[in-house]
Amino acid sequence: MDYSILRKSMVREQLIPRGIIDEKILEVFSKVERHKFVPEEFKANAYADHPLPIGENQTISQPYIVALMTECLNLNDVGKVLEIGTGSGYQSAILAELVREVYTIERFSVLAQKAGVLFDELGYTNIKMRTGDGTLGWQEESPFDRIIVTAAALEIPLPLVEQLKEGGRLIIPLGGSFSQILTVVEKKKGEIESSPVCGCVFVPLVGKYGQEAS
Ligand code: SAH
């Protein structure tokens, strides 16, 4: 199967028409091999316009949502990004193409291990990963210029607000199990300012400052 053709159609048919216009972001989506981040049985569908299962009842997000979150982060000249919810590692790889350092946390060690192997194989030396509860953030490496939460929370975990740099930006899906509002949060003079982006559906963020495991 010629994945590079599928990848180019994904950019042309799913990202550009929906308003993703940043050239650098489009270039990165044309480059990163999404099929390597999905289980063998879903490879043929890796570039389709929907999320896919990745094991442990978790999913890799739809390509457009990954692109939208990336664009909303405003990554020009950004140094350090923290991602909560490594999952397949696809979003981490996209970020690693655009910023200096990516820190990513995953609660399931099986998923973290798989993603770690891929990061090594693909040569992403600027991704640091940890297994654990991402709602606690990554204190030793804070503050972060940007924080991206790729699982749904009822409210923004407090440690993440504290670990966000002044003038920084965080993106998070806020809401209950069935649908959430993708929300951009900016930290200005210690206060946070939230703006809604669109409706979305994510798996829950489970942890001390997140939801309870079901
Ligand atoms: N960014 C991922 C999307 C994965 S889905 C990708 O590109 O594939 C969300 C992930 O968040 C799941 O893997 C889930 O296990 C993880 N997660 C949920 N709560 C978490 C927490 N408190 N800390 C770290 N990871 C968490």
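Which residue has its backbone oxygen 2.8 Å from a polar atom of the side chain of Thr150? The residue is Gly85, and the contact is shown in the first of the views below, all taken from a predicted model.

View 1. A polar atom of the Thr150 side chain lies 2.8 Å from the backbone oxygen of Gly85. Apart from its neighbours within four places in sequence, Thr150 is in contact with Glu83, Ile84, Gly85, Gln91 and Phe202. The relative accessibility of Thr150 is 15%, and the residue therefore counts as buried, the cut-off being under 20%.

**View 2. The largest cavity and its lining.** One cavity of 30 Å³ or more is present in the structure. The space in the largest cavity amounts to about 390 Å³. Its lining comprises 31 residues, and those nearest the centre are Gly85, Gly87, Glu106, Thr150 and Ala151. Two or more lining residues come from each of the elements β2 (58–60), α3 (63–72), β3 (80–84), α4 (90–96) and β4 (101–106). Sorted by class, the lining of the largest cavity has 15 nonpolar, twelve polar and four charged residues.

**View 3. Buried and exposed residues of helix α2.** Helix α2 spans residues 23–31, and its buried residues are Ile25, Leu26, Val28 and Phe29. Seen down the helix axis, the buried residues of α2 fall within an arc of 160°, so they line one face of the helix. Glu23, Glu27 and Lys31 are exposed on the other side of α2. The cover over the buried residues of α2 includes α1 (3–15), α3 and α4.

**View 4. The start of helix α2.** Here a side-chain oxygen of Asp22 comes to within 2.9 Å of the backbone nitrogen of Lys24. The helix itself covers residues 23–31.

**View 5. Pro196 in strand β9.** Strand β9 is formed by residues 191–200 and includes Pro196. With a relative accessibility of 64%, Pro196 counts as exposed, because the cut-off for that class is over 50%. Neighbours within four places in sequence left aside, Pro196 is in contact with Ile181, Leu182 and Thr183. Between the C-alpha atoms of Pro196 and Thr131 there is a separation of 29 Å, the two residues being 65 residues apart along the chain.

Conventions
Residues are numbered from 1 along each chain as its sequence is written. This is a predicted model: local features need pLDDT of at least 70, side-chain atom pairs count only at pLDDT 80 or more; totals for chains, interfaces and linings use all residues. Side-chain values use heavy atoms; hydrogens and water are left out. On a 1 Å grid over the protein atoms alone, a cavity is a set of points where a 1.4 Å probe fits but cannot get out, and a pocket is an open set with protein on both sides within 12 Å along at least five of seven lines; lining residues have an atom within 4 Å of a point. Grid points are joined across faces, edges and corners, and a volume is the space filled by probe spheres set on the points. Helices (H or I, at least four residues) and strands (E, at least two) are DSSP runs, numbered from the N terminus. Ala, Val, Leu, Ile, Met, Phe, Trp, Tyr, Cys and Pro count as nonpolar, Asp, Glu, Lys and Arg as charged, and the others, Gly among them, as polar. Buried means under 20% relative accessible area, exposed over 50%, partly exposed in between (1.4 Å probe, protein chains only). The arc is that of the directions from the helix axis to the C-beta atoms. Contact means heavy atoms within 4.5 Å. A polar contact is a pair of N or O atoms within 3.5 Å; within protein, one must be able to donate a hydrogen and the other to accept it, and residues adjacent in sequence count only if both atoms are side-chain atoms.
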